[in-house]
Amino acid sequence: MPPFHDWSRLETQARTQLQGLCLAEKLAMLDGDTPFWGGLAAIALHDASHRRPWPAGVVERLGIGGLHFVDGPRGVVLEGGATTFPAPIGRGASWDVDLEERIGEAMGAEARSFGANLFGGICVNLLRHPGWGRAQETYGEDPVHVGAMGAAATRGVQRHAIACLKHFALNSIDSARFRVDVTASERVLQELYLPQFRDGVEAGALAVMSAYNSVNGAWCGQHPHLLREILKERWGFRGFVLTDFIFGLRDGVAAIEAGQDLEMPFRMIFAATLPAAVAAGRVPEALIDAAVLRMLLAQATVPAGAYPVTLRGCRAHRQLARDAAAGSIVLLRNVGDVLPLNGIGSLAVIGPLADTANLGDRGSSDTRPAPGSVVTPLAGLRAAAPDLRLHHDDGSDPAGAAALAARCEAALLVVGLDWRHEGEHIHPGDLAPILCQAPPPDWLLRLCGRRRLLPLWTAAAAMVAGVTRFGSARAGGSFASGDRTVLQLPPPQEALILAVAAANPRTVVVLMGGGAILCEAWRQRVPGLLLLWYPGEQGGAALADVLLGRISPSGRMPFSVPTEASHLPPFDPRARQITYDLWHGYRRLARSGRPAAFPFGFGLSYSRFRHTDPAVAWFPTPAGVEAAVELAVTVTNTGTVEAAEVVQVYVEPPGEAAERPQRTLVGFARVSLGPGGSQRQRIRIPLRRLAWFDETRDGFVLEGGRHRLLVARHAEDGGIGVDLELESGMVGP
């Protein structure tokens, strides 16, 4: 747990509060304080999710302030000028753990300025397939990388508020999230899909949000193996579990028994089932007490006092957003050193996203920055280079855009995805069966009487469910965004790229988006290619810094981009059942012998780096701390400009005891060096990262023999290696 808390004192305080609560008050603390129908209407009619935090567990009689939830993977989502940072997938591309911790701290402080104390902005679901609509909300495809970034954000948030990790677990298909059952072996769970949550728990997160989907036949919101056996017992999690919003559980008794503590944001399934279950003795009051105590303890860790509104969008936080956007930019091609754009007098800035605020999807992570605060690519260039003649064209007429490009010394194309192409998606037909369980409005109960109304209500809800399922199937869904099955750019954008590239040999393409974009139809035609992601409110300023050479690009790919979509795992946005195995991303590409177009960890720089003298030694580990080794390597900037390098360490295991990936990431560090600068970088590698999960022994096991540790620039780089001989044995649960 975080060292800055006196846990003994806080637990005493929480137990004292618990003793003062009556049973009715304790039961009321297990769900959000907002009535279901009024809350649903407020969301639909008044944009309530962006107006105020969602309260839960407020007990005015005892002065218990309760929990007040806000979302925010790219910043606090409420109206009022909160800072919009780059989407997490872009921050993941920075591989900058220290910066992510500072961003987490800024988000936590801004959440407090809105009166919130529970921040739900840390998504650590693994990006199994880069067509996932919410790819932008997570950090990437690898558990070590995602875990390090999520843990950093957790440490930052927890200084001011309760950090909530989401969505536990295996939530990575959006359009089927309310119905899909994911089959995964215990080994797959423990090696790939749970370690990043464990990292967040060990970093001090005191809230975990359960997922909508089911795993191995049990809904995540009432999954005893995930919530109780793994999270609370195996990992020793002392915080509380809350549901994903509105439709996060199906059976109140099963959920409380499994380890679910809080249903959000409305009084719904828990409120309708638990009072009677406790009265009948089917649910012991001790279970209710345990859930309430966890929430009271988490509240007790939140620093007292009010936070000023001047924190929102303040100069320091805007600078953090700009630093993050610059660090996230990945340079993918730079043939003939077309970048930086030095020595030119005119530039054609072309494309539908060149002068558009493009921050990401419009689901639960939708931010509302202050008016005029978003810097577009065109605005960023205008401010940074007032003497450069800029000529803008939205690209709607490829021939006209090509003619403009031909008249300029260079062309910059800004294209990609927006909220219409990818994002959070709710399929209404999937919600209807859950809606049947919602309680009737109180006014209707009073008017008709419970005994007469409930049978009619159930029948009407079932009828609505059938109509909704039929209607949604015909309409094809409720929103234009969601998961992507076509990973190329829209054809008009590809045609625009080809036309402009043919007209000007000095063409640079800037891609925006959250998931993978296949570029095979055109990437060899352009000398310059950058990934800008959804770059937050300062993205245009950061892009200008990189394009003009004021900052060297330092982003590295947080996932693999294949040459063909067929090289990816199976992905059906409307699946009812799917199996997750050990093979996705760079692991799958290596196993099948298919090189990536852009490998995991890949990214170019305006400078050059050399790695030398790798050495490995046992890390001095105090009692009670997981054993680890330390790899040291000398990193030298052999170029002429200051730049940052991401040192990546992969392991190639013996692979004789069980089938294992050829290599996996086990550690990384980002280091900034001036021209000619050199630094001895040390990277700690816990032994669990070198082990595999043996289901027969229910724990991580080191394989005896030679383990090759490679310092490499990306997952397919040969790198330089050092051998480590290990004895076989258990390293922990």
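This is a predicted model: local features need pLDDT of at least 70, side-chain atom pairs count only at pLDDT 80 or more; totals for chains, interfaces and linings use all residues.
Let me start with the helix pair. Two packed helices are described by the angle between their axes and the distance between the axes. For helix α6, residues 143-157, and helix α8, residues 195-202, the angle is about 25° and the axes lie 8 Å apart. Since angles under 35 degrees count as roughly parallel, α6 is therefore roughly parallel to α8. The crossing in which α6 passes α8 is right-handed. On the α6 side, the contact is made by P143, V146, G147, A148, A151 and T154, while α8 brings in P195, Q196, D199 and G200. Sorted by class, the residues of this contact are five nonpolar, four polar and one charged.

Next, the backbone, beginning with the peptide bonds. K166 and H167 are joined by a cis peptide bond, with omega at about -10°, and H167 has its place in strand β5, which covers residues 162-168. Another cis peptide bond links F168 to A169, here with an omega of about 10°, and A169 sits in the loop between β5 and β6, the latter being residues 181-183. Those of you who check geometry before setting up a calculation may wish to look at both places.

Then there are the positive phi values. N216 is not a glycine, yet its phi is positive, at about 50°; the residue lies in the loop between β8, residues 214-215, and β9, residues 218-219. Is N216 buried, exposed or partly exposed? With a relative accessibility of 41%, N216 counts as partly exposed, because that class lies between the 20% limit for buried and the 50% limit for exposed. W533, also a residue other than glycine, has a positive phi near 60°, and its position is in the loop between β17, residues 528-531, and α20, residues 539-547. The relative accessible area of W533 is 0%, so this residue is buried.

Which residues of the largest nonpolar core touch the most other members? They are F168 and L170, in a core that has 61 residues. The elements giving two or more residues to this core include α6, β5 and α8, along with α5 (97-113), β4 (118-123), α7 (186-193), α9 (224-234) and α13 (315-328). Of these, α5 supplies the largest share, namely five residues. F168, as I said, takes part in a cis peptide bond with A169. As for L170, once its neighbours within four places in sequence are set aside, its contacts are N125, V182, A184, L189, Y193, N213, V215 and Y580. There is also a second, separate core, which has 55 residues and includes L249, I256, M264 and A291.

I will finish with α20. How many of the residues of this helix are buried? The helix is mostly covered, with nine of its nine residues buried: G539, G540, A541, A542, L543, A544, D545, V546 and L547. After α20 comes G549, with a positive phi near 80°.

Key: Residues are numbered from 1 along each chain as its sequence is written. Side-chain values use heavy atoms; hydrogens and water are left out. Axes are lines fitted to C-alpha atoms, for helices over the stretch in contact, and angles run from 0 to 180 degrees between N-to-C directions. Helices (H or I, at least four residues) and strands (E, at least two) are DSSP runs, numbered from the N terminus. Angles under 35 degrees count as roughly parallel, over 145 as roughly antiparallel, 65 to 115 as roughly perpendicular and the rest as oblique. A crossing is left-handed if the near helix is turned anticlockwise from the far one by less than a right angle, and right-handed if clockwise. Contact means heavy atoms within 4.5 Å. Ala, Val, Leu, Ile, Met, Phe, Trp, Tyr, Cys and Pro count as nonpolar, Asp, Glu, Lys and Arg as charged, and the others, Gly among them, as polar. Buried means under 20% relative accessible area, exposed over 50%, partly exposed in between (1.4 Å probe, protein chains only). A nonpolar core is a set of buried Ala, Val, Leu, Ile, Met, Phe, Trp, Tyr and Cys residues joined through side-chain atoms within 4.5 Å.
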